[in-house]
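Biologist: Please take me through this model. I would like to discuss the strands, then the salt bridges, then a few single residues.

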Amino acid sequence: MLTISKLTANYGGPDILKNVNIHIKEGEIVTIIGPNGAGKSTILKSIFGMTNIVEGKINFYEENMVGVKTADVIKRGICYVPQGRSVFPSLTVEENLEMGAFIRSDKAQIKKDLHYVYEKFPKLYQRRHQKTKTMSGGEQQMVSIGRALMLQPQLLLLDEPSIGLAPKIVEEVFQKCKEIKQSGTAVLMVEQNANIALEYSDRGYVLELGENRLEGTGKELLSNKKVGELYLGK
Amino acid sequence: MLEILPQIIWFSLLASAIYALVAIGLSLIFGILEFINFAQGDFAMVGAYLFFGFVIEGGLPWWIGIAMVVIVAALMGVVIERITFKPVRKSPPFIPLVISIGVGALLQAIMIFKFGGSVKSYRTEGSKAEVYKLFGDTLSVTQSQITLMFVTAGLLLGLYLFLKYSKTGTAIRAVADNQDVAAILGVSINKTIGIIFAVGTALAAVAGVMIANEQNLSITMGLSLGVKAFAAVVLGGVGSLPGAIVGAFIIGFSENFIVGLTPIPSSYKDAIVFGLLIIMLFLYPNGLFGAKAEEEARA
């Protein structure tokens, strides 16, 4: 569904990504791993038009995505959960979720979207009138993911969803990713926590210094000796 | 002593309403752009002169005058933001702050050019204000004061409902919380900031009309107003809208009570405000509501 080919991109300085190739098919969870500064997040930002793309293509179902406005990227079915605590802390859970459907004006449809997200995250329904700043890091991450699901996207981009979370909560987040995949949304994520991320992934890419190093199924990468030494702490 | 109390309370309310209108604009702008807009008091001054132009010189009915002031001021806010603040949005906050001082000076110059430098007044020769005597003559209230209080209350309530329940209002709060995330959800940051300036400028302009209704108009009237609104914002906790309103009431009441009940002359009003600000900042370094917000975040 999404094909990134020969992508070279920067933020106005030196190139962060060099000739990167990545693709994701429907119904997949794909993880990009690699050391800090490898340019993992830059790939996601490039899809959202937040980088300066020097060369290469980003195609979503044959449609060119380079130079497309953010609102149009969302409309075509890609939603994005940025790194860190990306909730609106002074807004309630429900207001946060409603912001996920900002580009919609049909109120009845927004109700349906809310219903869809609450079905997936029953805990959020219980706490829908609570301000998100009073919630734990894990709960806030669920709000961010729930917000990105409001438009029932075809592809969900997650930037380090496990960062700063306790191991038990990390497991919960990845379990949610699996559920999201089963309901028809493909997931492309960037992770530092390579071990567990690859366990839940269908395929993975290893990125180093802005270039492709390795790729394979989650299992292949987990058992790859070089990957094990470099990124899995084996 | 007691017989002047109702009058002092009424004056305090009037002053608080005026400061609140200016302070809210400051707080809204600070909440999103993180700079103190020193032209906010001058927005009020422009509002006062616009009303003078429309109603006293132009002869329009007062309510059309107020509506025109709100519309023209809102447009002015949008245009000023586009031309002066937008190009430096990514700069450190002291740059727009300095620009805002320049904007204030420019507005003063334009108003002198248009209306002249002499002191003006809404009270025209021979006109008599309708005055109500209440509490056995201890409180006198003019018709225009009551009207303006209602206008203010209506504006504040409207703003509250707008921010709390409308889609655009929610988006404004979201942008204040996290601009980058709001942008990836498809919120137009430019449009949101434009709306903030329109609202902030219009509210300040109404405050200007209120103050000019009590005192004379002068080109420099915005200075002390802007400074007091700034004090209200800091007192209440920077970035908190309820804080800005509470801060405005603390300042409005304390300056009028101290001047009314002690022998301190009214020319010391500004000194009182700053004395108060310094004391409060010793006690609550984050402002009244800022501290609370921080505790909540920690919990």
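Modeller: Two strands pair if DSSP finds at least two bridges between them. Strands (E, at least two residues) and helices (H or I, at least four) are DSSP runs, numbered from the N terminus. The model is predicted, so to speak of local features a pLDDT of at least 70 is needed and side-chain atom pairs count only at pLDDT 80 or more, while totals for chains, interfaces and linings use all residues; side-chain values use heavy atoms, without hydrogens or water. Residues are numbered from 1 along each chain as written, and chains are lettered from A and ligands numbered from 1 in the order written.

Biologist: Which residue of β8(A) is the bridge partner of Ile29(A)?

Modeller: The partner of Ile29(A) in β8(A) is Val187(A). Strand β3 of chain A, residues 29-33, runs parallel to β8(A) and is joined to it by four bridges.

Biologist: And how many bridges join β7 to β8(A)?

Modeller: There are five, between β8(A) and strand β7 of chain A (residues 155-159), again in the parallel sense. Within β8(A), Met189(A) is the residue opposite Leu158(A).

Biologist: Is β8 of chain A mostly covered or mostly open?

Modeller: It is mostly covered: five of the five residues in β8 of chain A (186-190) are buried. Buried means under 20% relative accessible area, exposed over 50%, and partly exposed in between (1.4 Å probe, protein chains only). Cover is found on both faces of β8(A), with Ala186(A), Leu188(A) and Val190(A) buried on one side and Val187(A) and Met189(A) buried on the other.

Biologist: Another topic: in what order do the four strands of the open sheet in chain A stand?

Modeller: The order is β2-β1-β4-β5 in chain A, and the pairing is antiparallel. β2 (15-24) and β5 (63-64) of chain A are at the edges with a single partner strand each, so one side of each has no neighbour in the sheet.

Biologist: How many bridges join β4 to β5(A)?

Modeller: Two bridges connect β5(A) with strand β4 of chain A, residues 52-60, and the two run antiparallel. Asn64(A) in β5(A) faces Asn59(A) across this pairing.

Biologist: What do β9(A) and β10(A) form?

Modeller: They form a hairpin with two residues between the strands, and Leu209(A) in the turn has a positive phi of about 50°. Six bridges pair β9 (residues 203-208) with β10 (residues 211-217) of chain A in the antiparallel sense. One of the residue pairs is Tyr205(A) with Glu215(A), the latter in β10(A).

Biologist: Why does Lys123(A) count as exposed?

Modeller: Lys123(A) counts as exposed because its relative accessibility is 51%. Glu172(A), at 31%, is partly exposed.

Biologist: With which residue does Lys176(A) form a salt bridge?

Modeller: Lys176(A) bonds in this way with Glu179(A), with 3.6 Å between the closest N and O atoms. The two are about one helical turn apart, because they are three residues apart in helix α7 of chain A. Lys176(A) is buried at 14% relative accessible area, whereas Glu179(A) is partly exposed at 33%.

Biologist: And in chain B, which residue meets Glu255(B) in a salt bridge?

Modeller: The side chain of Lys228(B) does, at 3.2 Å from N to O. Glu255(B) belongs to helix α10 (residues 241-261) and Lys228(B) to helix α9 (residues 221-236) of chain B, so the pair ties together parts 27 residues apart in sequence. Both Glu255(B) and Lys228(B) are buried. Elsewhere in chain B, a network of salt bridges links Glu81(B), Arg82(B) and Arg89(B).

Biologist: Lastly, how far apart in space are Gln126(A) and Pro35(A)?

Modeller: Their C-alpha atoms are 38 Å apart, and the two residues are separated by 91 residues in sequence. Gln126(A) lies in helix α5 (residues 122-126) of chain A and is exposed, at 66% relative accessible area.

Biologist: Where does Lys191(B) lie?

Modeller: Lys191(B) is in helix α8 of chain B, residues 189-214. With a relative accessible area of 58%, Lys191(B) is exposed.

Key:
Salt bridge = Lys/Arg side-chain N within 4 Å of Asp/Glu carboxyl O.
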